[in-house]
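Please keep the sequence and the structure in view while reading.

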Amino acid sequence: MTQLPRAGRRRLLRALAATGATAMLWPSLGSAQQRPPLTRPIPSSGEAMPVVGLGSWITFNVGNDRVARDASAEVMRNFFAGGGRMIDSSPMYGSSQEVIGYGLAKLGHPPPLFSADKVWISAGARGRDQIEKSRQHWQVPRFDLLQVHNLLAWEEHLPTLFAMKAAGHLRYVGITTSEGRRHREVEEIMRSQPLDFVQITYNVLDRDVEARILPLARDRGMGVIVNRPFREGALIKSIQRYPLPAWAAEIDCTSWAQFILKFIVSHPAVTCAIPATTSVAHVRENLGAASGRLPDEAMRRRMVAHVEKL
Amino acid sequence: MSEWWTYRPSDFLLFSPRTYYRLFELYNAEIWPAQILTLALGVAILVLLLRHGGAWRGRAVAAILAGCWLWVAWAFHFNRYATINWAATYFAAAFAVEAVLLVWTGAIRGRLLLSPAVRAVDRVGLGIFLFALVVQPLIGPLAGRDWVQVEIFGVAPDPTVVATLGLLLAAPDRVLWTLLVIPLLWCAVGGATLWTMESPDAFVMPFAGALVLLLAAWKARTRAGMRAGSQSCL
């Protein structure tokens with residue numbers, strides 16, 4: 001059922017990206033990468049995916065502002081230079097897709113890119129047109145992953161996406177939800193459909209998915225993408241006035257952002273978290289969570305208890 | 001939309017405050033010096049409002065306002081705001097409809113009858129118009145935003161809407177509810193947007209809208225009462 005990526009230059013470059021050779025082969029991306037980021041295999045293919053990706057909700061929706069577009073491209077440059085691969089967007093996110101396309105063109109279309117987008121339209125018949133428009137905005141030959149955004153008209157869109165995948169026009173198929181909505185329906189779709197990915201909200205305070213969806217994803221061999229890891233910044237804002245506990249050094253955390261991300265990506269079912277940012281410093285900091293030691297189960301419980309007490 | 005009760009206004013905010021106010025900065029730079037023209041039009045409306053004269057003044061004011069609404073619909077909502085907010089195309093349509101209503105009701109049918117404010121409620125309307133013209137553009141800079149991001153009557157939606165509300169309230173003849181609906185709705189939309197962005201001036205639009213709504217309702221009621229009283233005397 002699952003179609004592995006075709007052999008060839010693109011596959012080789014992807015493999016090299018996953019092993020940290022990107023900076024050598026793609027010097028224009030800079031030399032910030034110290035060591036390859038931690039990766040998780042995509043369950044349906046085994047393809048290695050760095051555990052920290054890049055979201056685009058709000059942050060990349062800057063319209064035609066050339067200065068802000070260049071700043072977004074700089075974030076992307078540092079993301080790729082740090083070994084990142086997955087960038088996620090949606091037609092719902094205003095100009096984010098166009099801004100990503102602008103950045104990719106400016107960076108010379110970095111081969112490590114794993115393009116994750118969504119279909120978000122209530123009329124199933126118009127799904128393909130929207131996907132094509134999105135592809136043109138991104139300026140990519142095809143998407144790696146397409147997801148049904150917030151389950152909107154999923155009964156109509158999923159057959160389209162599976163057909164695209166079967167035809168080789170798409171590599172992975174998924175669904176998304178956020179902030180704990182419609183989890184029962186998500187479960188039903190996960191049980192009935194051969195999805196590659198499910199995208200959900202999960203962080204140290206929002207842990208509903210631990211009970212059923214994350215175990216189900218493991219059972220069904222589905223990758224998990226985690227959105228809103230920082231509650232759109234509100235989580236960081238609420239805890240950053242407290243000092244990072246000294247024991248955070250045991251899992252190589254130097255900031256609250258890394259603390260939160262390491263909690264997320266240390267769950268064995270999680271493939272990748274996709275924090276969004278407009279800051280080069282923050283994208284580097286986020287990618288720092290994809291290196292060093294990850295918390296074990298006892299440490300994860302300690303992290304939850306600590307944050308809940310703040 | 002399933003589980004609609006779980007959504008908050010912030011779930012619909014697609015952009016950051018920085019991006020939103022940069023939009024005004026770039027817009028102001030691109031259309032300069034149109035702001036001087038619209039401010040001059042605002043002063044012209046004020047002069048027309050304060051002078052005695054024929055019904056043509058109401059038609060002229062309605063035509064100027066309609067031009068401003070149409071400009072905001074096209075130049076701001078459709079060409080700029082829509083680049084960061086897909087809902088702005090609907091805002092553009094609503095503003096264009098208001099422009100058409102102003103032309104039809106005010107400029108063609110001559111229903112916007114103006115005379116110098118006599119009653120207190122008319123004066124409040126005049127005050128609201130002056131607030132939109134002079135004070136409202138200063139709120140952003142006073143709240144810490146850059147001067148180049150200033151929002152000016154005739155080119156930016158919020159002061160244009162508040163000025164229109166003030167004029168409709170100041171018109172002593174009757175309350176033109178059909179012209180009030182879209183401006184009042186925009187007060188809710190604009191206020192929610194700023195509130196979600198945690199802007200300190202988020203209260204201005206809802207407050208202006210609520211004030212005009214209350215005073216317009218009171219005005220309509222007293223006018224109906226006066227009419228009933230005069231009929232009973234016959």
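How many bridges join strand β3 (residues 86-88) of chain A to β4(A)?

## Basis of the report

The model is predicted, and local features need pLDDT of at least 70, side-chain atom pairs count only at pLDDT 80 or more, while totals for chains, interfaces and linings use all residues. Residues are numbered from 1 along each chain as its sequence is written, and chains are lettered from A and ligands numbered from 1 in the order in which they are written.

## Strand β4 of chain A and its partners

Three bridges join β3(A) to β4(A), and the two strands run parallel (strands are DSSP E runs of at least two residues, helices H or I runs of at least four, numbered from the N terminus; strands pair if DSSP finds at least two bridges between them). Within this pairing, A:Ile87 stands opposite A:Ser115 of β4(A). From β3(A) the chain passes through helix α4 (residues 96-106) of chain A to β4(A) in a right-handed β-α-β crossover (with the strands pointing away from the viewer, the path from the first strand over the helix to the second runs clockwise).

β4(A) also pairs in the parallel sense with strand β5 (residues 143-148) of chain A, over four bridges, and A:Asp117 stands opposite A:Leu146 there.

## Helices α2 and α3 of chain B

The axes of α2(B) (residues 34-50) and α3(B) (residues 56-78) come within 10 Å and cross at roughly 160 degrees (axes are lines fitted to C-alpha atoms over the stretch in contact, with angles from 0 to 180 degrees between N-to-C directions). The two helices are therefore roughly antiparallel (an angle over 145 degrees).

Key: Parallel < 35°, antiparallel > 145°, perpendicular 65-115°, else oblique.
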